[in-house]
Amino acid sequence: MEAALEAILLVVDEPVAEVTLAQVLERPTHEVAAALRRLSAEYTAAGRGFDLREVAGGWRFYTRADCAPLVERFVRDGQQTRLTQAALETLAVVAYRQPVSRARVAAVRGVNSDGVMRTLVARGLVEEAGTDPESQAMLYRTSSYFLERLGLRDLSELPELAPFLPDDVENLEETTK
């Protein structure tokens, strides 16, 4: 079963759920889950250049963190594809307030975020999440690709915001209304 799991996981481009793997292999989910955890532990113990991780509701191979600089240099060939400060701010608002409209993002940031939202949607980090029943505005949420890129299983793993907020946040909210 381990060889079959490795073969499948080598060709996926997004994390695959244990239940999906169990269906394909026609094995109980608990057996597949145990095999995945065993493989992950084996790769870690052997110090392999890759890792098998559970993220965004599924399993996928990743390069080991200590190999990241070499892999980045190979893949990017010196090019940087970092998010701008505006994109990071917008992504944070979406992540913590989702589902959220562009107007709400703009209100939180204090500037128009339409262009930044289009960029985040184009990069697959943010996706449409329906419309607001009252305003009919399009709502946005983070995507599973966002979780995958941040190495999170779900949004509950996002860090708490409280330590980063000013002490007088209530007064700050009142003065901006």
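Colleague: So a crossing is left-handed if the near helix is turned anticlockwise from the far one by less than a right angle, and right-handed if clockwise. Which is the crossing of α1 and α2?
Modeller: Right-handed. Bear in mind this is a predicted model: local features need pLDDT of at least 70 and side-chain atom pairs 80 or more, while totals for chains, interfaces and linings use all residues. Numbering starts from 1 along each chain as its sequence is written, and side-chain values use heavy atoms, without hydrogens or water.

Colleague: OK, at what angle do α1 and α2 pack?
Modeller: About 120° between helix α1 (residues 2–11) and helix α2 (residues 18–25), with axes (lines fitted to C-alpha atoms over the stretch in contact, angles 0 to 180 degrees between N-to-C directions) 11 Å apart. That makes the two oblique (under 35 degrees is roughly parallel, over 145 roughly antiparallel, 65 to 115 roughly perpendicular, the rest oblique).

Colleague: Which residues meet there?
Modeller: Ala4, Leu5, Ile8 and Leu9 from α1 meet Leu21, Val24 and Leu25 from α2, with contact meaning heavy atoms within 4.5 Å.

Colleague: And how do α1 and α3 cross?
Modeller: At roughly 80°, and the axes of α1 and helix α3 (residues 29–46) come within 10 Å. They are therefore roughly perpendicular.

Colleague: New topic: how many bridges join β1 to β2?
Modeller: Six, between antiparallel strands β1 (residues 50–55) and β2 (residues 58–63); pairing takes at least two DSSP bridges. Helices (H or I, at least four residues) and strands (E, at least two) are DSSP runs, numbered from the N terminus.

Colleague: What stands opposite Asp51?
Modeller: Tyr62 in β2. Two residues sit between the strands of that hairpin, where Ala56 has a positive phi near 50°.
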